[in-house]
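Please read the numbered points beside the sequence and the model shown here.

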Amino acid sequence: MGAAPTGLFLKSTKLAFQPKQKDSSFSSQLRVFGALFLAVGFVSSLSRGLFTEVGGWAIKKLADGVRQNVGTVIFSFSAVAAVAAITSLAFGACSAIVGSRSRLSGVIMDSIQFNKDRHLHRIFLLIKDVKDKPDAIDLLTRALQKKIGKAYRVDDRRGTPILLERLLAAIDPTHNDTQMKRAIAKAIGSYLTEVNPKGDTEGQFLDSETDKSELLARENHFLALTNLIEHHAIQTGKHKYYMDVRHQVEKRVENVREGALKRWTEAKERRAEMSPDSNNAVERRTSKSLRYDSRNILDNPHQYGPLTRGLAKAAEVLRFFNHDIVLSLNYQVTRPVAQLAGVITESALKRPNSRVTSFSIGRVFASSFWATGEGWLLIPWASGAGIAFSGAGAGTNVVDFPLRLNRNNPNGWGVGVNSTALQMLVVALPALILTAAAKGACYLEGWEGNTMRKLEPANSKRAPKYW
């Protein structure tokens, strides 16, 4: 209920209209601006209708001096996210209680087996893909080193985790997929339960009561590896059973676009067959579009004048801030609280940490902090009421959530920024203007042509690692 719908909506519009277009291009920024404008309109209409009318009867009972501002805090989307997280915790607790008192039916056992097989298949795809790829193994090792201590790593140049080395050894090209999956399952079971993580103590198992800390550490090593599966493109073209809800939505959008594009392409090819000069025209248009392309300005600044470069870089800074900070701010505030909740769960309660539970706890606190900041700082400031009700207009009504056009107060900003979509819209507009200005500056300063920049030195630290 916070940034998630905004991010999913932006991703869906990209998949539907510009799947191959760079986010820094002018057309992409125009699409983002239009999508955010629609999202703000939806949030405004929802808040006016649902929160103002339905919740109005409760707000009227509060003191007159802080009634409107507190009402905005209570019914801000961050507060709704906090309440949703509390509700999630309640449902999780009820589910755990009911599950602990219920007998495992055949249906539940089949579901557990299916999910185990599905997850094993995903691990198999990842390990099979990196087998015999030194750079890929190096990347996985680097990603795992923060989660897996030296005591659980092989004493080699990379410091490869024992778990990863054993899984790679289970991939035997002379065996079929079923045999390799069985070998992987056996290696995982051995690592998680046997005394020696290297598998040298077959038949000697850790005790579930006295070795709780060791068992939790091994489980966290396994989770650290499985959390990397989504970070690689092995999900492309996967079966719907391996998708979560977000991926299913994105896949449907892609299918609709591909179907429409196929019909449009067929019609375009029929027209091109009747025009022999079409290829030359396409080549001329491509050359011209490259000159004014925002991505080309950023990638090859040496081809442009100082004004063009400066405007393009300023637009890119705003775009980066918008998508990498504003959009993910609530989540980034959630992470440290969630991590603390997980540490307390494992160290104090000696129980495996539930990612869903810890992140729900994190979202409760993060969203509450964010809602309080909006209600006591941003909203009064935007309405000209000062900081935390300290201004002369502390009693100003702030009821037009989340958009307030404060025409009567000349000291007000005129807009309340307590919706992720609206916050992003405020930043997206100047970014769009600066990108358009960079294109205009290119007309004035000219273009030096499609010249190459100097090559990077052979020992450059910027040299990429290839998967």
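1. The largest cavity. Helix α14 supplies four residues, the largest share of the lining of the largest cavity. A cavity here is a set of points, on a 1 Å grid over the protein atoms alone, where a 1.4 Å probe fits but cannot get out, and a lining residue has an atom within 4 Å of such a point. About 80 Å³ of space lies in this cavity, a volume being the space filled by probe spheres set on the points, which are joined across faces, edges and corners. The elements giving two or more residues to its lining are α2 (26–54), α14 (306–326) and α17 (420–445). The structure holds three cavities of 30 Å³ or more.

2. Basis of the model. This is a predicted model, in which local features need pLDDT of at least 70, side-chain atom pairs count only at pLDDT 80 or more, and totals for chains, interfaces and linings use all residues. Residues are numbered from 1 along each chain as its sequence is written, and side-chain values use heavy atoms, with hydrogens and water left out.

3. Residues of the lining. Which residues line the largest cavity? They are Asp-23, Gln-29, Val-32, Leu-318, Arg-319, Asn-322, His-323, Val-427, Ala-428 and Ala-431. By class, five are nonpolar, three polar and two charged. In this scheme Ala, Val, Leu, Ile, Met, Phe, Trp, Tyr, Cys and Pro are nonpolar, Asp, Glu, Lys and Arg are charged, and the others, Gly among them, are polar.

4. Val-32. One of the lining residues is Val-32, which lies in helix α2. Val-32 counts as buried because its relative accessibility is 7%; buried means under 20% relative accessible area, exposed over 50%, and partly exposed in between (1.4 Å probe, protein chains only). Not counting residues up to four places away in sequence, Val-32 touches Leu-10 and His-323, where contact means heavy atoms within 4.5 Å. His-323 is itself among the lining residues. Val-32 and Lys-14 are 18 residues apart in sequence, and their C-alpha atoms are 8.5 Å apart in space.

5. Overall make-up. The protein has 17 helices and zero strands. Helices (H or I, at least four residues) and strands (E, at least two) are DSSP runs, numbered from the N terminus. Buried residues make up 36% of the 467 residues. Among contacts with a separation of 6 or more, 68% are accounted for by residues 24 or more positions apart.

6. Confidence. The mean pLDDT of the protein is 75, and 68% of its residues reach 70 or more; pLDDT is the predictor's confidence in each residue, from 0 to 100. Two stretches call for caution in reading. Over residues 49–75 pLDDT stays under 50, and the model has 40 contacts beyond four places in sequence for them. Over residues 386–417 pLDDT also stays under 50, with 82 such contacts.

7. Ser-12. Is Ser-12 buried or exposed? Ser-12 is buried, with a relative accessible area of 13%, and lies in helix α1 (residues 4–17). Leaving aside its neighbours within four places in sequence, Ser-12 is in contact with Val-249 and Val-253.

8. Loop residues. Asp-132 sits in the loop between α6 (106–130) and α7 (134–144). Although Asp-132 is not a glycine, it has a positive phi of about 65°. Asp-132 is exposed, with a relative accessible area of 67%. Gly-159, in the loop between α7 and α8, is buried at 10% relative accessible area. Gly-159 touches Thr-141, Gln-145, Arg-153 and Val-154, not counting residues up to four places away in sequence. The C-alpha atoms of Gly-159 and Gly-149, ten residues apart in sequence, are 9.8 Å apart. Asp-211 is found in the loop between α9 (177–193) and α10 (212–226) and counts as partly exposed at 26% relative accessibility. Its C-alpha atom is separated by 9.6 Å from that of Val-195, 16 residues away along the chain.

9. Cysteines. How many disulfides are there? The count comes to zero disulfides, a disulfide being a pair of cysteine sulfur atoms within 2.5 Å. Cys-94 is partly exposed, with a relative accessible area of 48%, whereas Cys-442 is buried, with a relative accessible area of 0%.

Technical notes: 1 Å grid on protein atoms, 1.4 Å probe; cavity = no way out; pocket = protein on both sides within 12 Å on 5 of 7 lines; lining within 4 Å.
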